[in-house]
Amino acid sequence: MRTKILTIVFLIGILSVLNAQDNVDKNEMVGFACYFEGSESKTVEKFAKKIKSENYKWISKKLSSENTAEKYMSVIILEKLTEIGKYNLNQTELNLIAGIKRSSELVSVCSGCTYFEKLELNNMFTNEMLTMAKYWLDYNIKND
(Lines give C-alpha, C1' and ligand atoms only; values in the text may rest on other atoms or scores of the structure.)
Protein backbone atom coordinates (compact mmCIF):
# COMPACT_ATOMS: atom_id res chain seq x y z
CA MET A 1 0.00 0.00 0.00
CA ARG A 2 2.78 2.42 0.93
CA THR A 3 4.55 1.71 -2.37
CA LYS A 4 1.38 2.49 -4.31
CA ILE A 5 0.97 5.81 -2.50
CA LEU A 6 4.59 6.77 -3.16
CA THR A 7 4.22 5.81 -6.81
CA ILE A 8 1.08 7.95 -7.15
CA VAL A 9 2.75 10.93 -5.46
CA PHE A 10 5.79 10.52 -7.73
CA LEU A 11 3.65 10.37 -10.87
CA ILE A 12 1.67 13.44 -9.83
CA GLY A 13 4.95 15.29 -9.33
CA ILE A 14 6.26 14.23 -12.75
CA LEU A 15 3.01 15.16 -14.47
CA SER A 16 2.93 18.59 -12.82
CA VAL A 17 6.50 19.26 -14.00
CA LEU A 18 5.63 18.21 -17.53
CA ASN A 19 2.51 20.36 -17.43
CA ALA A 20 4.55 23.37 -16.22
CA GLN A 21 6.98 22.85 -19.09
CA ASP A 22 4.11 23.02 -21.58
CA ASN A 23 3.49 26.60 -20.44
CA VAL A 24 6.89 27.87 -21.65
CA ASP A 25 8.58 28.35 -25.00
CA LYS A 26 11.85 26.40 -24.98
CA ASN A 27 13.13 28.39 -27.97
CA GLU A 28 12.65 31.64 -26.08
CA MET A 29 13.71 30.61 -22.60
CA VAL A 30 16.15 32.11 -20.12
CA GLY A 31 17.66 29.50 -17.85
CA PHE A 32 21.09 29.37 -16.28
CA ALA A 33 20.62 26.00 -14.55
CA CYS A 34 17.61 24.09 -15.87
CA TYR A 35 16.41 20.53 -15.63
CA PHE A 36 17.94 17.77 -13.55
CA GLU A 37 21.45 18.33 -14.91
CA GLY A 38 21.36 22.10 -14.35
CA SER A 39 22.06 22.96 -17.98
CA GLU A 40 21.74 26.32 -19.70
CA SER A 41 18.81 27.01 -22.00
CA LYS A 42 19.56 27.17 -25.73
CA THR A 43 19.34 30.96 -25.70
CA VAL A 44 21.81 31.26 -22.82
CA GLU A 45 24.23 28.84 -24.53
CA LYS A 46 24.05 30.86 -27.76
CA PHE A 47 24.89 34.11 -25.93
CA ALA A 48 27.78 32.47 -24.05
CA LYS A 49 29.35 31.60 -27.42
CA LYS A 50 28.94 35.18 -28.65
CA ILE A 51 30.60 36.51 -25.49
CA LYS A 52 33.49 34.08 -25.93
CA SER A 53 34.02 35.23 -29.54
CA GLU A 54 33.56 38.87 -28.43
CA ASN A 55 30.77 39.34 -30.98
CA TYR A 56 29.26 42.27 -29.11
CA LYS A 57 27.64 43.79 -32.23
CA TRP A 58 25.56 40.62 -32.64
CA ILE A 59 24.50 40.90 -28.99
CA SER A 60 23.58 44.57 -29.51
CA LYS A 61 21.42 43.73 -32.53
CA LYS A 62 19.41 41.32 -30.37
CA LEU A 63 18.06 44.28 -28.37
CA SER A 64 15.59 44.59 -31.27
CA SER A 65 14.82 40.87 -31.49
CA GLU A 66 11.29 39.49 -31.51
CA ASN A 67 12.58 36.85 -29.07
CA THR A 68 12.12 38.15 -25.50
CA ALA A 69 14.82 35.88 -24.07
CA GLU A 70 17.32 37.36 -26.54
CA LYS A 71 16.30 40.88 -25.49
CA TYR A 72 16.86 40.04 -21.84
CA MET A 73 20.21 38.40 -22.44
CA SER A 74 21.36 41.34 -24.56
CA VAL A 75 20.49 43.81 -21.82
CA ILE A 76 22.27 42.03 -18.99
CA ILE A 77 25.35 41.29 -21.10
CA LEU A 78 25.74 44.77 -22.58
CA GLU A 79 25.24 46.38 -19.17
CA LYS A 80 27.89 44.12 -17.64
CA LEU A 81 30.32 44.80 -20.50
CA THR A 82 29.73 48.54 -20.08
CA GLU A 83 30.21 48.29 -16.30
CA ILE A 84 33.67 46.76 -16.73
CA GLY A 85 34.69 49.04 -19.61
CA LYS A 86 34.58 46.54 -22.47
CA TYR A 87 31.67 48.17 -24.30
CA ASN A 88 30.16 51.64 -24.70
CA LEU A 89 26.40 51.85 -25.06
CA ASN A 90 25.16 54.38 -27.59
CA GLN A 91 21.95 56.40 -27.18
CA THR A 92 19.90 54.04 -29.36
CA GLU A 93 20.98 51.06 -27.24
CA LEU A 94 20.22 52.96 -24.02
CA ASN A 95 16.72 53.75 -25.30
CA LEU A 96 16.10 50.13 -26.31
CA ILE A 97 17.34 48.89 -22.92
CA ALA A 98 15.06 51.34 -21.08
CA GLY A 99 12.11 50.09 -23.12
CA ILE A 100 12.94 46.44 -22.48
CA LYS A 101 13.19 47.08 -18.74
CA ARG A 102 9.67 48.57 -18.78
CA SER A 103 8.22 45.92 -21.10
CA SER A 104 5.32 43.71 -20.13
CA GLU A 105 6.19 41.20 -22.88
CA LEU A 106 6.39 37.65 -21.55
CA VAL A 107 9.62 35.67 -21.35
CA SER A 108 9.90 31.98 -20.48
CA VAL A 109 12.24 31.11 -17.62
CA CYS A 110 13.40 27.87 -16.03
CA SER A 111 15.36 26.89 -12.97
CA GLY A 112 16.11 23.41 -11.75
CA CYS A 113 13.78 20.51 -12.41
CA THR A 114 10.46 22.05 -11.54
CA TYR A 115 10.43 25.82 -12.07
CA PHE A 116 9.09 26.75 -15.51
CA GLU A 117 7.24 30.01 -15.81
CA LYS A 118 6.43 32.96 -18.03
CA LEU A 119 7.23 36.34 -16.55
CA GLU A 120 7.01 39.91 -17.77
CA LEU A 121 10.36 41.26 -18.93
CA ASN A 122 10.12 44.13 -16.44
CA ASN A 123 10.11 41.59 -13.59
CA MET A 124 13.32 39.98 -14.83
CA PHE A 125 15.43 42.91 -13.64
CA THR A 126 14.71 42.68 -9.92
CA ASN A 127 17.59 41.77 -7.57
CA GLU A 128 15.98 38.41 -6.86
CA MET A 129 15.67 37.49 -10.54
CA LEU A 130 19.15 38.78 -11.39
CA THR A 131 20.94 36.60 -8.81
CA MET A 132 21.69 33.67 -11.14
CA ALA A 133 22.33 36.03 -14.05
CA LYS A 134 25.06 37.81 -12.04
CA TYR A 135 26.84 34.53 -11.33
CA TRP A 136 26.58 33.54 -14.98
CA LEU A 137 27.86 36.94 -16.14
CA ASP A 138 30.82 36.84 -13.74
CA TYR A 139 31.71 33.38 -15.01
CA ASN A 140 31.41 34.26 -18.72
CA ILE A 141 32.70 37.83 -18.76
CA LYS A 142 36.15 38.24 -17.32
CA ASN A 143 37.19 41.63 -15.98
CA ASP A 144 40.70 41.73 -17.40
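What percentage of the 144 residues of the protein chain count as buried?

Mentor: The model is a predicted one. Of the 144 residues in the protein chain, 38% count as buried. The chain has six helices and three strands, and from the N terminus on the order of these elements is α-β-α-α-α-α-β-β-α. Take the contacts between residues at least 6 apart in sequence: 59% of them join residues at least 24 apart.

Now to the helix. H6 covers residues 127-140, which is 14 residues. From its first C-alpha to its last it reaches 19 Å, close to the 20 Å expected at 1.5 Å a residue. H6 also has a kink of about 30°, and the kink is centred on Ala133. Ala133 is buried as well, together with Leu130, Trp136 and Leu137 of H6.

Trp136 counts as buried because its relative accessibility is 5%, and the cut-off for buried is under 20%. Leaving out residues up to four places away in sequence, Trp136 touches Phe32, Glu40, Val44, Phe47, Ala48, Ile51, Met73 and Ile77. Ala48 shows how the fold brings separate parts of the sequence together: Trp136 and Ala48 are 88 residues apart in sequence, while their C-alpha atoms are 9.2 Å apart in space.

On the H4 side, the contact is made by Lys71, Val75 and Glu79, and on the H5 side by Ile97, Ile100 and Lys101. The crossing of H4 past H5 is left-handed.

Thr68 is also a residue of H4. With a relative accessible area of 4%, Thr68 is buried. Apart from neighbours within four places in sequence, Thr68 is in contact with Glu28, Glu105, Leu106, Val107 and Leu121.

Glu66 sits in the loop between helix H3 (56-61) and H4. At a relative accessibility of 73%, Glu66 counts as exposed. The C-alpha atoms of Glu66 and Glu28 are 9.6 Å apart in space, and the two residues are 38 residues apart in sequence. Glu28 is also among the residues that Thr68 contacts.

The other loop residue is Glu54, found between H2 and H3. Glu54 counts as exposed too, with a relative accessibility of 54%. Its phi is near 55°, a positive value in a residue other than glycine.

Then go to Trp136 and find its contacts, including Ala48 and Met73. Finally, turn to H4 and its contact with H5, where Val75 and Ile97 are among the residues involved.

Definitions and conventions
Residues are numbered from 1 along each chain as its sequence is written. This is a predicted model: local features need pLDDT of at least 70, side-chain atom pairs count only at pLDDT 80 or more; totals for chains, interfaces and linings use all residues. Side-chain values use heavy atoms; hydrogens and water are left out. Helices (H or I, at least four residues) and strands (E, at least two) are DSSP runs, numbered from the N terminus. The expected span of a helix is 1.5 Å times one less than its number of residues. The bend at a residue is the angle between axes fitted to the seven residues ending there and the seven starting there. Buried means under 20% relative accessible area, exposed over 50%, partly exposed in between (1.4 Å probe, protein chains only). A crossing is left-handed if the near helix is turned anticlockwise from the far one by less than a right angle, and right-handed if clockwise. Contact means heavy atoms within 4.5 Å.
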